[in-house]
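Let's walk through this structure together, one feature at a time. Keep the sequence and the 3D view side by side as you read.

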Amino acid sequence: QTIDTGDQCGASGLQGLVGQTGAIADLLEFDDRPLRIIVDNQAVTLDFRVERLNISVEEGIIVQVSCG
């Protein structure tokens with residue numbers, strides 16, 4: 001289920017990362033928003049933060065960039 005966040009984390013501008021190697025995610029840093037990298041469906045907290053950028057990596061490839 002996806003919750004509309006109004007793109008407060010800037011995920012829409014980073015959709016070009018989808019399909020890229022997950023190693024790129026390790027190089028990203030943002031001063032203005034928190035970043036969470038989720039690898040191979042690892043367990044994550046259920047707290048929802050509209051300003052947090054989530055990058056999901058499966059089998060070494062970025063599969064989703066979203067807020068939350």
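Which residues form a disulfide, and how far apart are their sulfur atoms? Before answering, bear in mind that this is a predicted model. The partners are Cys9 and Cys67, with their sulfur atoms 2.0 Å apart. A pair of cysteine sulfur atoms within 2.5 Å is taken as a disulfide, and by this rule the count comes to 1. As a reminder, such a link is a covalent bond between the sulfur atoms of two cysteines.

Now see what this bond connects. Cys9 sits in the segment before helix 1 (23-27), while Cys67 belongs to strand 3 (residues 61-67), so the pair ties together parts that are 58 residues apart in sequence. If you look along the S-S bond of Cys9 and Cys67, the torsion is about -85°, so the disulfide is left-handed. Are the two cysteines buried or exposed? Cys9 has a relative accessibility of 1% and therefore counts as buried. Cys67, at 13% relative accessibility, counts as buried too.

From Cys67 you can move on to the sheet. Its 3 strands form an open sheet in the order 1-2-3, with mixed pairing. Strand 1 (35-39) and strand 3 stand at the edges with a single partner strand each, so one side of each has no neighbour in the sheet. On average, neighbouring strands of this sheet are turned by 20° against each other, direction ignored.

Finally, look at how strand 3 meets its partner. Strand 2 (residues 53-58) and strand 3 run antiparallel and are joined by 6 bridges. To find your place there, look for Val57, which stands opposite Ile62 in strand 3.

Key:
Residues are numbered from 1 along each chain as its sequence is written. This is a predicted model: local features need pLDDT of at least 70, side-chain atom pairs count only at pLDDT 80 or more; totals for chains, interfaces and linings use all residues. Side-chain values use heavy atoms; hydrogens and water are left out. Helices (H or I, at least four residues) and strands (E, at least two) are DSSP runs, numbered from the N terminus. Buried means under 20% relative accessible area, exposed over 50%, partly exposed in between (1.4 Å probe, protein chains only). Two strands pair if DSSP finds at least two bridges between them. Axes are lines fitted to C-alpha atoms, for helices over the stretch in contact, and angles run from 0 to 180 degrees between N-to-C directions.
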